[in-house]
Amino acid sequence: QVQLVESGGGLAQPGGSLRLSCKASGRIASIASMGWYRLAPGDKRVLVASISSNNIPLYADSAEGRFTISRDNAANTVYLQMNSLKPEDTAVYYCRYSTYTTIWGHGIQVTVSS
């Protein structure tokens, strides 16, 4: 059973940065893809960024150019470096682990405000 622990959220000023971390533990598959999602209008989780098992990243239009997703397989951790933050980035962000099954983190709050 895979468990995900998210950290790194909190309050940032507009233009500032945060780095989200998601550490996986348990029976981790090296082929897993990992990603970060946020709640959108209608309470639907939508993609912010994902990274495949072979390190191919995918970004939402709103994230590309500002955010960078990376993974450290030795540490079983995926990161989301969030730069040039905007108030509209404020949301709960969820880590996602996916192989033949999908595991979600509990969500971590990101607030961008002056």
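W104 counts as partly exposed, at 28% relative accessibility (partly exposed lies between buried, under 20% relative accessible area, and exposed, over 50%, with a 1.4 Å probe and protein chains only). This is a predicted model, in which local features need pLDDT of at least 70, side-chain atom pairs count only at pLDDT 80 or more, and totals for chains, interfaces and linings use all residues. Residues are numbered from 1 along each chain as its sequence is written, and side-chain values use heavy atoms, with hydrogens and water left out.

**Around W104**

- The structure holds one aromatic pair (rings of Phe, Tyr and Trp, the last by its six-membered ring, pair if their centres lie within 6.5 Å; planes under 30 degrees apart count as stacked, over 60 as edge-to-face and the rest as tilted).
- Y37 and W104 form this pair in an edge-to-face arrangement, 5.1 Å centre to centre and with 75° between the planes.
- Y37 belongs to strand β4 (residues 33-40) and W104 to strand β10 (residues 102-104), so the pair ties together parts that are 67 residues apart in sequence (strands are DSSP runs of E, at least two residues, numbered from the N terminus).
- Y37 counts as buried, at 15% relative accessibility.

**R45 over two rings**

- R45 lies over the face of W104, 3.9 Å from the ring centre (a charge sits over a ring if NZ of Lys or CZ of Arg is within 6 Å of the ring centre and within 35 degrees of the ring normal).
- The charged end of R45 also sits over the ring of Y94, at 5.0 Å from its centre.

**The disulfide**

- There is one disulfide in the structure (a pair of cysteine sulfur atoms within 2.5 Å).
- The disulfide joins C22 to C95, with an S to S distance of 2.1 Å.
- C22 is in strand β3 (residues 18-25) and C95 in strand β9 (residues 91-98), so the pair ties together parts that are 73 residues apart in sequence.
- The torsion about the S-S bond of C22 and C95 is about -85°, so the disulfide is left-handed.
- Both C22 and C95 are buried.

**N73 in its loop**

- You will find N73 in the loop between β7 (67-72) and β8 (77-82).
- N73 is partly exposed, with a relative accessible area of 49%.
- The side chains of N73 and R71 are joined by a polar contact of 3.0 Å (a pair of N or O atoms within 3.5 Å; within protein, one must be able to donate a hydrogen and the other to accept it, and residues adjacent in sequence count only if both atoms are side-chain atoms).

Methods
Helices (H or I, at least four residues) and strands (E, at least two) are DSSP runs, numbered from the N terminus.
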